[in-house]
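Please open the structure in your viewer and keep the selection tool at hand. The stops below are meant to be followed in order.

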Amino acid sequence: MVAQNERRVIVVGGGLAGLAASIRAAEAGVAVDLFSMIPVKRSHSVCAQGGINACNEVARQQGYSEYQHFDETLYGGDFLADQNPVLEMTNGAPQIIDLLDRMGVPFNRTGEGRRDLRLFGGSLFKRTHFSGATTGQQLLYALDEQARRYESEGKINKYEFWEFLWPVTGGEGDDKRCVGIIAQDMRTMQIRAFRGDAVVMATGGNGLIFGQSTNSVICTGGAASRCYQAGARYGNGEMIQVHPTTIPGADKCRLMSESARGEGGRVWVPRKPGDERAPMSIPEAERLYFLEEKYPAYGNLVPRDIATREIFDICVNQNMGIDGGNMVYLDLTHMDPDYLTRKLGGILDIYEKFAGDDPRHTPMKIFPAVHYTMGGLWTTYKAGSYSPSAPHHEHKPGMVAPVDTEIGKGMAHGDPANMMTNIKGLYAFGEVNFAYHGATRLGANALLSCTFDGLFCGLGVANYVSNASTGASEVPQSVYDRFVKQEQDKADALISSAGSPANDDARGNDGRVHGCQNRGPPGSLHRQTRRSARTLHEGAAERYRDVDESDAELHAGGRRHAHPGRSDRHRRQTPQGEPGLALPHGLQRPRRCQFLEDLCRPVQHADGRIGNHVRGCPGRASRTAGPDLRLGRH
Ligand SMILES: Cc1cc2nc3c(=O)[nH]c(=O)nc-3n(C[C@H](O)[C@H](O)[C@H](O)COP(=O)(O)OP(=O)(O)OC[C@H]3O[C@@H](n4cnc5c(N)ncnc54)[C@H](O)[C@@H]3O)c2cc1C
């Protein structure tokens with residue numbers, strides 16, 4: 001039985017981040033109300049395939065370290081990630097894997113019984129732990145079991161099929177704080193308020209605003225958009241990851257995980273454009289393994305942005321795609337079928353089911369698609385104890401790391417500031433949090449950042465809730481009633497406007513109602529808008545059109561060396577307007593979310609800098625000018 005004035009935390013989202021946060025808060029003795037649009041076990045995290053990164057003993061013996069993981073993560077993200085949280089995350093990663101193992105995650109094992117590792121993009125070291133090719137499902141189910149344990153003890157209260165509509169805030173100025181949410185029961189359409197002393201948003205990414213992506217159809221970004229409209233800052237909104245290897249489909253694009261390349265998959269096209277022979281009858285010498293030729297060190301495992309750009313270049317600029325179309329081969333046929341089944345069974349089944357061919361015997365046809373949302377709700381943190389006083393040299397594999405892996409080096413453990421948005425008491429964990437991945441997320445780092453947010457920063461939430469001088473129970477009921485009315489009015493306006501052609505046009509032109517105010521179950525989400533939006537294909541082609549001189553330097557030896565050059569190049573190439581609009585592969589027009597689209601569009605600041613912080617958020621700009629923990633420079 002919950003006492004009337006018991007302090008409570010509301011967690012919105014039951015993916016890895018939300019479940020981990022709920023478990024952590026419950027463990028710390030704080031009651032949790034967990035909301036999810038869908039059953040938590042169907043959260044998008046269940047789709048994750050390839051694995052989760054962490055240094056371990058075997059990797060360490062080969063010269064890898066937590067610090068190397070930290071360095072790679074910052075490097076992959078073009079130094080736009082927050083360094084302190086990344087340091088804490090990579091230092092904490094081995095313990096997270098140990099914990100997940102103890103919870104029963106069936107990680108693949110070597111013959112000696114150790115956890116097996118595979119290669120993933122952006123690293124020359126095997127440091128990715130995996131459960132076949134269904135890692136996300138195994139992790140999610142393990143956390144779900146733990147959440148159920150607390151549920152049975154009355155510490156977690158689940159609200160599945162409830163949609164978050166708006167954060168409730170009380171107080172003004174410095175006193176403004178989040179004291180609950182408004183949510184809607186998607187079965188009865190009832191809208192009501194919930195009190196909470198803190199609210200954790202763990203609502204995932206926004207791939208759906210691009211139409212087809214590898215994301216689940218509930219990944220609309222609607223919840224983040226509503227927080228933004230309620231005053232939360234948004235950071236790095238234009239940083240959207242396009243994954244190089246997916247199967248385009250009529251409904252969505254299905255991922256062929258990077259693990260396929262990690263296990264030895266090779267990307268190629270026929271050397272002769274328009275070659276109509278079946279792939280298996282094209283001799284080795286007549287195949288162009290373009291990634292291996294251009295990036296000999298990393299080969300097929302260059303970071304995702306680079307692989308995507310190269311596939312684009314081959315198909316769009318050089319017109320060398322399979323049958324002249326937008327497809328290249330991802331080939332596993334040179335490998336032992338039994339080995340493939342053991343390591344990649346999950347994704348091979350997906351390909352066979354949706355494309356009709358068995359990838360063990362026929363090369364897969366793949367193309368890039370929108371995949372991950374690096375940007376998200378802007379968050380802050382309390383820095384840990386690592387503050388190098390003197391510059392040190394660039395770190396190389398095998399070197400002794402300049403910082404040990406003790407907890408609290410990157411971020412202060414248990415501090416309530418960790419991953420709090422600019423609205424007091426409102427937190428953002430997981431993919432909806434902008435902090436960890438900068439301009440590009442390295443493969444297998446997302447499952448880590450989601451779980452880390454929940455387990456490490458969840459303690460800060462519990463401390464915030466336990467130590468706050470006043471609780472949500474002291475906020476007058478009228479405050480909640482006002483927000484319920486606000487949302488009820490919106491729902492009423494939406495319902496009464498249905499079916500009118502005039503309103504159809506209005507919605508199409510401003511895009512807001514369709515994209516941001518979605519109501520009802522996923523199948524009933526809004527009609528497509530009329531105004532065209534940037535699609536994956538045009539967007540990425542635009543972004544990567546001009547490969548400038550810094551590329552030679554960046555890609556020397558397959559490794560990118562010139563960090564600032566890469567960022568500059570990215571900024572120069574980021575599209576300023578809407579590019580052309582032909583839709584390849586019979587793609588449908590995407591649904592639009594005007595607010596998020598605005599956030600994803602770069603803006604030029606008065607000083608000429610290109611940025612994206614529509615609200616002038618101090619995120620990226622000030623952080624890039626801040627301390628560089630890698631080099632010990634301030
Ligand atoms: C196909 C695919 C494969 C991937 N493979 C990997 C991999 O191998 N390794 C890796 O590291 N990463 C991978 N990723 C990325 C990773 O899966 C995600 O970043 C991660 O799972 C996101 O977890 P999350 O907890 O932040 O959000 P999600 O798992 O997306 O959960 C979001 C939750 O929020 C709820 N929600 C959303 N909006 C609302 C609302 N308005 N009201 C109420 N509830 C709401 C949903 O119901 C859900 O419970 C992959 C991604 C894709 C698309």
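Helices in this tour are DSSP runs of H or I with at least four residues, and they are numbered from the N terminus. With that in mind, note that the model is predicted, and that its protein holds 19 helices and 20 strands.

Begin with the whole protein. Of its 634 residues, 53% are buried. Among contacts with a separation of 6 or more, 76% link residues 24 or more positions apart.

Next, select α1, residues 16-27. From first C-alpha to last, this helix of 12 residues reaches 16 Å, close to the 16 Å expected at 1.5 Å a residue. How many residues of α1 are buried? The count is 11 of 12; among them are L16, L19, I23 and R24. To see what covers these buried residues, display elements including β1 (8-12), β5 (156-160) and β9 (198-201). After α1 comes G29, with a positive phi near 90°.

Now centre the view on the ligand. Around the ligand stand 45 residues, of which G13, G15, H44, G204 and G430 come nearest. Elements that contribute two or more residues to this shell include α1, β2 (31-36), α5 (135-152) and α11 (446-467). Colouring the shell by residue class gives 21 nonpolar, 22 polar and two charged residues.

Finally, select strands β7 (residues 177-185) and β8 (residues 191-195), which run antiparallel and are joined by five bridges.

Notes: Residues are numbered from 1 along each chain as its sequence is written. This is a predicted model: local features need pLDDT of at least 70, side-chain atom pairs count only at pLDDT 80 or more; totals for chains, interfaces and linings use all residues. A residue is buried if 20 or more other C-beta atoms lie within 10 Å of its own, exposed if 12 or fewer, and partly exposed in between; C-beta atoms are placed from the backbone. Two residues are in contact if their C-beta atoms, placed from the backbone, lie within 7 Å. Two strands pair if DSSP finds at least two bridges between them. A residue is near a molecule or strand if its C-beta atom, placed from the backbone, lies within 6 Å of it. Ala, Val, Leu, Ile, Met, Phe, Trp, Tyr, Cys and Pro count as nonpolar, Asp, Glu, Lys and Arg as charged, and the others, Gly among them, as polar. The expected span of a helix is 1.5 Å times one less than its number of residues.
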